Amino acid sequence: MKRYIFVGNRFYVLEKMLEHKLNIVKIYIPAGSFVETELKKRQMTYTVLPEKREFIENLLADDYDVLISNGCPYILPISKLKEKNPRKKFINIHPSLLPDLKGKSPINGAVLFGRKHGVTCHYMDDTIDGGDLIAQIEIPMSDDISLGLLYQISFISEGLVFEKAFKNKFHKIENHIFTGKEIYYSRKKEDCYLEKEDSIETIIRKIKAFSIYGQYAKVRCREGEYDVFNIKRIENKYVNKLFEKEKNNTIILKYDNDKFLIKYLDALIEVSISKPYLLQVGQAWIEST
C-alpha cells in the first residue's frame, strides 16, 4: 500500500485523501493555518511545518512513496529528494491552468489580467510550478463571482482535481486547457495602487483582483492613502446625463458612509472605500503620484 505525505496550508485535497482512505504517514502543515484548525477538530495527528532546511532533511529521512503538496510555501529540490529513490512521486495542486499563472498569486492574476482560470494537478520538478500535467479543471469566470468567492471555489476545485488525478492513477496528460503565451504572477504591493493613467477597465480589474481583506486596491491622496473595497460602473442614462458636466477625476457625491460617486474618464463609477473622512465632494479622486 502506497505511503503518502501531505504538505500544505489548504484542506480540500487532504480531505479527498482521507475520503479515499489513502495511507497518509505524515502531515506537514503551517502553524495557524486553516487546515490546522480542521485537523484539531478531527483530533488528527500532524507535524508543524519547520523551516525549509529542516523540512528538506526530514523529507530525506521520511519513508514514503508519494508526496502531495497543496500550498507548500517552499520550492522543493525534487532532484535531490529523488536521488535515493527515483520512483518517489512528488505531486502539486495549483490554483491556475498551468502552465499559465505560475507563482504565488494566480487567482489574483486571473482577475487582474483577464485570464482563463482553473486548477491543475501536476508532477513537480525543480522549477516553480513546473512539471508534467496530470489533470485540470477549468473554472469559468463571470462578473458575479467576487474574489473571495473565487478563492473558495478554487480551493474546493483543488480537491476535485486531485480526485480526478487519483482516479486516473496519476497518468500524465499531453494537452492542457490553456493556449497562448503563459505569464507568471506573484502579487507585489505596487500592483494594488490605482494610478491617474489607468483606464476605467484597468481600475475595475485592479479593484476586483484585490478585493479581499489584507489586499485591497489602494488610492493615494494628499492626506494619505485608503483602500478601495468595491466598484460599480453606472450605466443608467438619466444619471449619466445628470452629471455629464462634472469634471473628470472628481468626487460628485458622498453617501452611505463609505460610498462615492465619481466622474472618471467621462464615466460614472461608484466606489466603496476606507477612511471616507479623507475625501470630500469636489475633491480629486486619484491624486498625482
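The largest pocket has a volume of about 1000 Å³. A pocket here is an open set of points on a 1 Å grid over the protein atoms alone, where a 1.4 Å probe fits, with protein on both sides within 12 Å along at least five of seven lines. Lining residues have an atom within 4 Å of a point. A volume is the space filled by probe spheres set on the points, with grid points joined across faces, edges and corners. Of the 39 residues in the lining of the largest pocket, Asn9, Arg10, Gly71, Cys72 and Lys104 are the closest to its centre.

The model is predicted: local features need pLDDT of at least 70 and side-chain atom pairs count only at pLDDT 80 or more, while totals for chains, interfaces and linings use all residues. Residues are numbered from 1 along each chain as its sequence is written, and side-chain values use heavy atoms, with hydrogens and water left out.

At least two lining residues of the largest pocket come from each of strand S5 (89-94), helix H5 (106-112) and helix H6 (147-167). Helices (H or I, at least four residues) and strands (E, at least two) are DSSP runs, numbered from the N terminus.

The second largest pocket is lined by 19 residues, with Val111, Ser142, Asp143, Ile145 and Lys208 nearest its centre. Two or more residues of this lining are given by each of H5, H6, helix H7 (200-209) and strand S9 (224-233).

| Pocket | Volume | Lining by class |
|---|---|---|
| Largest pocket | about 1000 Å³ | 18 nonpolar, 15 polar, 6 charged residues |
| Second largest pocket | about 400 Å³ | 9 nonpolar, 5 polar, 5 charged residues |

Helix H6 has 21 residues and reaches 30 Å from its first C-alpha to its last, close to the 30 Å expected at 1.5 Å a residue; the expected span is 1.5 Å times one less than the number of residues. Among the buried residues of H6 are Leu147, Leu150, Tyr151, Phe155, Glu158 and Phe162. Buried means under 20% relative accessible area with a 1.4 Å probe, protein chains only. Glu158 has a relative accessible area of 0%. Beyond its neighbours within four places in sequence, Glu158 is in contact (heavy atoms within 4.5 Å) with Arg10, Val13, Asn70, Ile93, His94, Pro95 and Val119. Just after H6, Lys169 takes a positive phi of about 60 degrees.

A nonpolar core is a set of buried Ala, Val, Leu, Ile, Met, Phe, Trp, Tyr and Cys residues joined through side-chain atoms within 4.5 Å. In the largest one, of 40 residues, Leu14, Met17, Ile68 and Ile91 touch the most other members. H6 gives the most to this core, with 7 residues. A second, separate core of 23 residues includes Val228, Ile231, Val271 and Leu279.

In helix H7, Ile200 is buried, with a relative accessible area of 6%. Ile200 and Ile269 are 69 residues apart in sequence and 8.9 Å apart in space, C-alpha to C-alpha.

For the protein chain, the secondary structure comes to 8 helices and 12 strands, and buried residues make up 49% of the 289 residues.

Terms used
Ala, Val, Leu, Ile, Met, Phe, Trp, Tyr, Cys and Pro count as nonpolar, Asp, Glu, Lys and Arg as charged, and the others, Gly among them, as polar. Buried means under 20% relative accessible area, exposed over 50%, partly exposed in between (1.4 Å probe, protein chains only).
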